[in-house]
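Please open the structure in your viewer and keep the selection tool at hand.

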Amino acid sequence: MDVSGGNHRHEAPWKRMSKEELDNQYSPSRWVVRLGAEEAMRTYSQIGDEVTKRARATRRSLLDVPYGAGEGEKLDIYLPEAVSEVMPFLVFFHGGYWQSGSKDTSAFMVNPLTAQGVAVVIVAYDIAPKGTLDQMVDQVTQSIVFVQKQYPGNQGIYLCGHSAGAHLAAMMLLADWTKHGVMPNLKGFFLLSGVYDLEPIMHTSENAPLLPTLEDAQRNSPLWHLETAPTQPSYPACRILVTVGQHDSPEFHRQSREFYQTLCHGGWKASFEELHDMDHFEILWNLTQEDYVLTQIILKTIFQESR
Ligand SMILES: N[C@@H](CC(=O)c1ccccc1NC=O)C(=O)O
């Protein structure tokens, strides 16, 4: 029995999987229960497009704000009715396996959160092939530094990411802020259906080009870092919610559970939530709804800190 809470890498179940099985496990659209894979992907971009248009039409926003010098280094800020110096911020990183997705189709949680006084920031980053994983991690770091510098009185910065975006958010647990001259006021992480160990991903047809060597995969794996070189949590009071959809593949479930266990083991304040009857995409889509269990958890987490 494993009492260490650690991950017995040599026994990792994916190592016994065929290439076909790995591709299957790491193709979220194939696990969608209510739609076919292609229809799920079409629906995904359609819903994202519609909700983003609605958010822009109904909320005050600052669009395409540059957070760096690069052309792709832009973010959108959606503001609550009552703008104040001390608003909490939720910063969102979209998914799409680091190769697709856009801030312009990702404003899912904007309306229910801004309605409660939370400013929502949706970040663009240079997806592959333009960007490498290392560059994306760096851009995400810069975007958070930008928010902190722009709003130094913020009530807290909460990071949220979906799938590949949850990976990018999780990498921020390891960020070295000293070279940026500012310590962001990070208070929470909401990680939705993410991947935290990229080693299996480098053997899938979709993602192999992104991760040419094992070193690339390990350097960009928050799970690997936390397991091999455990350090004191840089934000001990930070809340980290790891969530996965009930209908996500067994490998996605395993990744989320192992990451959660490793966080707890390392002294982080983590919690784990399997979302009932949700697939990989619904887990995010439903954030448009105020009464969705995850919207409620996010609001409760943000406001129990400040009210
Ligand atoms: N080709 C992938 C697409 C995918 O993984 C994805 C698509 C949109 C948003 C997130 C995704 N997954 C992780 O980032 C699939 O078949 O599911």
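**The sheet and its surroundings**

Begin by selecting the strands: eight of them form an open sheet in the order β1-β2-β4-β3-β5-β6-β7-β8, with mixed pairing. Strands here are DSSP runs of E of at least two residues, helices are runs of H or I of at least four, and both are numbered from the N terminus; two strands pair if DSSP finds at least two bridges between them. The model is predicted, so local features need pLDDT of at least 70 and side-chain atom pairs pLDDT 80 or more, while totals for chains, interfaces and linings use all residues. Residues are numbered from 1 along each chain as its sequence is written, and side-chain values use heavy atoms, without hydrogens and water.

Next, select β3 (residues 89-93) and β5 (residues 157-162), which run parallel and are joined by five bridges. Within this pair, F89 stands opposite I157.

**A helix to select**

Select α4, residues 133-150.

**A serine in a loop**

Finally, select S249, in the loop between β7 (239-245) and α8 (250-265). S249 is buried, with a relative accessible area of 1%. Which residue has its backbone oxygen 2.7 Å from a polar atom of the side chain of S249? That residue is Q25.

Note on methods
The expected span of a helix is 1.5 Å times one less than its number of residues. Buried means under 20% relative accessible area, exposed over 50%, partly exposed in between (1.4 Å probe, protein chains only). A polar contact is a pair of N or O atoms within 3.5 Å; within protein, one must be able to donate a hydrogen and the other to accept it, and residues adjacent in sequence count only if both atoms are side-chain atoms.
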